[in-house]
Amino acid sequence: MKKLLFCLILGGLGWVTISAFNETKSTLTDGFLIGDPEIASITSLSFGPEGILFIGDSKNATIYALDTEDADPKDESAEINLGDFDTKIAASLGRTKDQIKVTDMAVNPVSKTVYFSVNLVDGTPVLLKLEEEALVNIPLNNIGYSKIVLSDAVEVDAEDKRGRPLRIWAISDMKYHKGKILVSGLSNKEFGSTFRSIPFPFKDTQDYASLEIYHAAHGQYETFAPIKTFDVIALENKEYLMASYTCTPLVLFPMEELKEGKHTKGRTVAELGSGNSPLDMISFEKEGKPYFLMSNTNRSVMRIDYTTIADFKESLTTPVTEFAKATGVGYVSLPMVNVLQLDNLDANKVVYMQRTSSGELILRSRSTKWM
């Protein structure tokens with residue numbers, strides 16, 4: 001009897017131990033499928049916790065969460081300084097550089113590994129990661145994944161007034177923030193410019209808000225142009241969506257107002273110059289102060305101090321009639337032009353992709369001290 005009782009106790013303790021172990025092993029990837037998610041394009045990349053990579057696919061109007069199995073933590077990244085980077089990417093795929101297009105770049109904040117999305121000339125999407133100086137192809141046909149299809153995305157065959165396809169703007173930018181995937185883009189609704197907030201792990205829920213801004217360079221209110229790039233910033237203990245659009249208004253939306261079914265007017269705090277389009281945006285700290293950087297098609301990288309935004313209480317509501325003139329919140333032009341991609345590499349460095357004046361594509365890290 002004592003032996004039986006001992007065995008039962010031991011078994012019970014073993015079950016408790018196993019249960020506790022399973023609880024500690026529970027992760028956000030537990031419900032993922034294994035297989036081919038059938039990704040048709042990669043227009044946006046963003047990392048969440050546990051090394052989970054989110055992919056925005058405008059062709060399918062779908063957000064995918066991928067288990068990269070890349071969750072070994074690092075505090076710092078090694079320096080990066082690579083030249084002829086597009087040639088290196090192409091060579092890793094058995095192609096020439098005219099047969100590829102880099103569409104986005106994102107750093108895994110856990111492992112500090114840099115990931116790149118590439119579209120081949122035939123439209124095939126490719127995902128790569130940088131290991132030291134080698135580019136590693138990540139197969140997308142046998143991977144752990146979860147996905148959600150965007151509701152009411154802009155139609156596949158929709159075109160603008162110039163006959164240009166609009167479906168590519170179904171997902172214009174995307175970021176993971178506090179348990180949600182935030183997605184900007186176009187819908188098929190009357191007010192096309194949209195902002196979605198999608199809880200993760202994915203369910204059937206996706207909050208949708210339509211957006212309106214005053215575009216000073218155009219001298220009018222607009223509801224159709226999509227946000228090109230955005231970040232979430234905290235000003236005076238309140239969170240805001242900081243959004244930048246083509247031609248180049250900078251607009252704040254209180255996050256608390258971006259609710260399901262609500263039409264929200266943003267506050268335009270700057271006009272950063274017509275004839276330009278923003279490419280990428282990141283936030284960082286320098287000497288204990290928060291800043292953000294924005295790269296552009298026809299301007300150098302801009303650095304803006306959060307405090308200058310907080311101190312600017314106005315809203316631009318009158319036209320800027322002089323071509324390329326900037327007004328509103330001020331910025332510092334950094335001596336960095338043709339920067340195509342930006343991301344935080346670690347707490348003290350950023351990584352950027354830049355096309356030099358000679359046409360060379362370079363990938364470099366840089367201390368935030370010099371940003």
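Trainee: OK, so a pocket is an open set of points on a 1 Å grid with protein on both sides within 12 Å along at least five of seven lines, and its lining residues have an atom within 4 Å of a point. Which residues lie nearest the centre of the second largest pocket?

Mentor: Keep in mind that this is a predicted model. Nearest the centre of that pocket are Asp160, Arg164, Phe224, Ala225 and Pro226, out of 19 lining residues.

Trainee: What volume does the second largest pocket have?

Mentor: Its volume is about 740 Å³.

Trainee: And how do the residues of its lining divide?

Mentor: The lining of the second largest pocket has 8 nonpolar, 7 charged and 4 polar residues.

Trainee: Changing topic to sheets. In what order do the strands of the 5-strand open sheet come?

Mentor: The order is E1-E10-E4-E3-E2, and the pairing is antiparallel. Strand E1 (33-35) and strand E2 (44-47) are at the edges with a single partner strand each, so one side of each has no neighbour in the sheet. From one strand to the next, the twist averages 35 degrees.

Trainee: How many bridges join E4 to E10?

Mentor: There are 5 bridges between strand E4 (residues 62-67) and strand E10 (residues 143-149), and the two run antiparallel. One example is Ile63, whose bridge partner in E10 is Ile148.

Trainee: What about the open sheet of 4 strands, what's the order there?

Mentor: That one goes E5-E28-E27-E26, with antiparallel pairing. Its edge strands, each pairing on one side only, are E5 (81-82) and E26 (339-346). Strand E5 is joined to E28 (residues 361-367) by 2 bridges, and Leu82 stands opposite Leu363 in E28.

Trainee: Which strands does helix H2 lie across?

Mentor: Helix H2 (residues 85-92) lies across E5, E27 (349-355) and E28. The helix runs at about 115 degrees to E28.

Trainee: Now aromatics. How many aromatic pairs does the structure hold?

Mentor: It holds 10. Among them, Phe195 and Phe230 are edge-to-face, at 5.7 Å centre to centre with 75 degrees between the planes. Phe195 belongs to strand E13 (residues 193-199) and Phe230 to strand E16 (residues 229-235), so this pair ties together parts 35 residues apart in sequence.

Trainee: Where does Lys178 sit?

Mentor: Look in the loop between strand E11 (173-177) and strand E12 (180-186).

Methods
Residues are numbered from 1 along each chain as its sequence is written. This is a predicted model: local features need pLDDT of at least 70, side-chain atom pairs count only at pLDDT 80 or more; totals for chains, interfaces and linings use all residues. Side-chain values use heavy atoms; hydrogens and water are left out. Two strands pair if DSSP finds at least two bridges between them. Contact means heavy atoms within 4.5 Å. Axes are lines fitted to C-alpha atoms, for helices over the stretch in contact, and angles run from 0 to 180 degrees between N-to-C directions. On a 1 Å grid over the protein atoms alone, a cavity is a set of points where a 1.4 Å probe fits but cannot get out, and a pocket is an open set with protein on both sides within 12 Å along at least five of seven lines; lining residues have an atom within 4 Å of a point. Grid points are joined across faces, edges and corners, and a volume is the space filled by probe spheres set on the points. Ala, Val, Leu, Ile, Met, Phe, Trp, Tyr, Cys and Pro count as nonpolar, Asp, Glu, Lys and Arg as charged, and the others, Gly among them, as polar. Rings of Phe, Tyr and Trp (its six-membered ring) pair if their centres lie within 6.5 Å; planes under 30 degrees apart count as stacked, over 60 as edge-to-face and the rest as tilted.
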